[in-house]
There are 2 protein chains.
Amino acid sequence: MTIFKKVTIIGVGLIGGSIGLAIKKRKIAGEVIGVFRHESTLKRALKCNAVDKATMFIEGGVNGADLIIVTSPVHSIPGIIKTAAKYAKRGAIITDAGSTKAWIVSSVEKSLVRSRKVHFVGSHPMAGSERAGVEFARANLFEKAPCIVTKTAATDKASLNKVIKFWDSLGAIVKVMSPASHDRSVSLISHLPHIVAFGLAGSVPLREIQYAAEGFRDTTRVASSDPELWADIFLTNRKEILKAGRAFESYYKDILKAISKGDHKKTVSFLKRAKSKRDALKFNGKERELNL
Amino acid sequence: MTIFKKVTIIGVGLIGGSIGLAIKKRKIAGEVIGVFRHESTLKRALKCNAVDKATMFIEGGVNGADLIIVTSPVHSIPGIIKTAAKYAKRGAIITDAGSTKAWIVSSVEKSLVRSRKVHFVGSHPMAGSERAGVEFARANLFEKAPCIVTKTAATDKASLNKVIKFWDSLGAIVKVMSPASHDRSVSLISHLPHIVAFGLAGSVPLREIQYAAEGFRDTTRVASSDPELWADIFLTNRKEILKAGRAFESYYKDILKAISKGDHKKTVSFLKRAKSKRDALKFNGKERELNL
């Protein structure tokens with residue numbers, strides 16, 4: 001089902017590459033253009049057929065595109081969108097795949113406020129991997145993955161619906177919310193777990209790591225993620241992360257306190273409550289698919 | 001390779017059942033007896049062929065056994081070993097699969113000190129799953145899993161070697177250490193990650209859980225573990241867990257502080273150090289096998 005004639009992806013890594021592969025597999029667009037910062041990534045992306053055409057220049061890359069998706073690191077997104085908007089055709093839709101939304105959306109809306117030439121809608125496809133790079137891209141990355149699309153007072157309704165339709169056509173489960181609600185949710189279910197995983201991996205002496213079994217491996221898996229990329233995400237969602245951190249610390253400390261007092265009943269009760277929440281992600285003992 | 005004529009497993013769940021299946025598959029013993037507390041488990045264990053014979057009575061179950069393995073919850077292990085020792089034949093070896101060692105080993109050594117009739121060697125096969133129950137048992141559970149075997153001044157050398165040989169024959173990678181060293185290691189690489197996972201799962205509002213992607217799922221997977229079983233483990237390793245907890249909190253708080261100050265350089269540096277440790281568990285981008 002073709003939705004767009006021409007889609008341009010700026011900053012093609014794991015996410016951008018997977019978007020390209022998914023668009024092509026599902027024939028969502030007539031043509032997929034990739035805009036790259038490094039020639040080595042450009043070559044790798046062409047090699048794995050993530051895009052039809054590749055360029056190092058935003059100006060030419062976005063020329064005539066109906067949809068422009070910016071999948072570069074968070075801090076770079078508002079600047080790239082500003083440039084892309086300058087060269088985009090009238091009526092083009094711009095979206096992104098950044099992991100924080102309030103900072104990106106407000107920055108972009110400020111810079112685009114005087115122009116109604118293009119329409120911006122914020123997106124956050126919640127898929128990925130601790131591995132970065134276009135070579136790990138896959139066409140099914142977004143299937144059944146949650147994708148949050150943001151809506152503000154400045155959001156153009158028709159463009160919002162097209163962006164929703166786009167992620168939906170890639171197999172994602174789309175949910176619309178405000179940038180602030182998004183940032184609160186992801187601080188709790190993505191950003192804080194990453195910080196905790198980094199904290200765990202960082203605090204264990206290297207000589208003990210050799211004894212690590214599945215529990216440690218799973219709990220710290222995301223601590224293998226890209227430090228620059230995640231520092232970026234954390235620093236653009238500080239307020240919500242600090243709030244989520246306080247909620248975690250309070251529960252964690254309650255458990256530790258019950259343990260230190262040798263209070264079996266209280267310890268079991270804290271663990272049970274946590275287990276019941278985690279089990280909400282399961283169905284018949286297996287990981288449950290999302291039900292947004 | 002038959003090492004024992006008769007092995008008795010007391011408390012057959014995921015671990016005990018997997019030991020039974022592995023012994024039978026690898027022909028380590030002529031006969032495997034299971035001792036059960038509940039008839040329903042007994043039936044399930046026989047159904048999945050985890051043991052050759054099953055009984056509800058320790059007295060008859062351990063009769064004539066060369067090796068007795070107690071795989072019941074931690075708090076019950078010393079008492080069960082005391083009873084088993086009474087009915088065991090002279091020269092029998094008793095081991096366990098408890099997740100903490102100092103408390104178990106010292107309790108057992110105190111109760112057996114006057115009798116040299118049987119020999120106790122503490123074990124901790126570091127395999128398992130957040131799923132409990134004999135129906136999840138599998139013969140390959142211990143393959144390439146670390147297994148720590150404890151040695152103290154009271155440990156009989158010949159029995160120690162037989163227990164090492166036993167776990168080795170099940171495919172585990174055996175390491176000998178003192179109960180205290182064991183408890184320090186597992187507090188860091190197993191107990192604390194579990195507490196943190198329970199803390200994370202417990203602190204997230206249920207309405208947010210629906211947006212959870214892979215990161216949250218992995219980081220909190222072990223929070224689905226059995227609360228009674230883990231409360232038991234935590235409460236018998238309090239001192240080391242509180243020490244490990246302080247190390248984690250210090251690293252975690254350093255990250256949060258750098259984020260709250262908007263300090264990009266420091267944030268990246270903490271994440272990098274954590275990533276380099278977690279990456280030590282990998283080889284060519286894939287999870288590395290253990291190399292004890």
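The structure is a predicted model, in which local features need pLDDT of at least 70, side-chain atom pairs count only at pLDDT 80 or more, and totals for chains, interfaces and linings use all residues. Residues are numbered from 1 along each chain as its sequence is written, while chains are lettered from A and ligands numbered from 1 in the order in which they are written.

Sheets come first. Strands (E, at least two residues) and helices (H or I, at least four residues) are DSSP runs, numbered from the N terminus. Two strands pair if DSSP finds at least two bridges between them. As background, strands of a sheet pair through backbone hydrogen bonds, either parallel or antiparallel.

In chain A, six strands form an open sheet with parallel pairing, in the order β3-β2-β1-β4-β5-β6. Its edge strands, each pairing on one side only, are β3 (53–55) and β6 (119–121) of chain A. On average, and with direction ignored, neighbouring strands of this sheet are turned by 20° against each other; such angles run from 0 to 180 degrees between the N-to-C directions of axes, which are lines fitted to C-alpha atoms, for helices over the stretch in contact.

A second open sheet of chain A has three strands in the order β7-β8-β9, with mixed pairing. The edge strands are β7 (123–125) and β9 (173–177) of chain A. Strand β8 (residues 146–150) of chain A runs parallel to β9(A) and is joined to it by five bridges; T150(A) has M177(A) as its bridge partner in β9(A). Helix α6 (residues 157–169) of chain A lies across β7, β8 and β9 of chain A and runs at about 170° to β8(A).

Next comes the core. In soluble globular proteins, nonpolar side chains tend to be buried together. A nonpolar core is a set of buried Ala, Val, Leu, Ile, Met, Phe, Trp, Tyr and Cys residues joined through C-beta atoms within 7 Å. The largest nonpolar core has 194 residues, and those touching the most other members are I68(A), A84(A), I94(A), I68(B), A84(B) and I94(B). Leaving out residues up to four places away in sequence, A84(B) touches I10(B), I58(B), V62(B), I68(B), V70(B) and I94(B). Two residues are in contact if their C-beta atoms, placed from the backbone, lie within 7 Å.

A contrasting case is M1(A), in the segment before β1 of chain A. M1(A) is exposed, with 7 other C-beta atoms within 10 Å. Residues up to four places away in sequence aside, M1(A) touches K27(A), I28(A) and S169(A).

The contact between the chains takes 78 residues from chain B and 78 residues from chain A. On the side of chain B that touches chain A, α7(B) gives the most, with 15 residues. Across the two chains, the axes of helix α11 (residues 238–260) of chain A and helix α7 (residues 179–203) of chain B come within 8 Å and cross at roughly 130°. The two helices are therefore oblique to each other; angles under 35 degrees count as roughly parallel, over 145 as roughly antiparallel, 65 to 115 as roughly perpendicular and the rest as oblique. Residues making this contact include F248(A) and Y252(A) of α11(A) and F198(B) and L200(B) of α7(B).

Within chain A, α11(A) also packs with helix α12 (residues 264–279) at an angle of about 155°, with the axes 8 Å apart. This pair is therefore roughly antiparallel. In it, D254(A), I255(A), A258(A) and I259(A) of α11(A) meet K266(A), T267(A) and F270(A) of α12(A).

How values were computed: A residue is buried if 20 or more other C-beta atoms lie within 10 Å of its own, exposed if 12 or fewer, and partly exposed in between; C-beta atoms are placed from the backbone.
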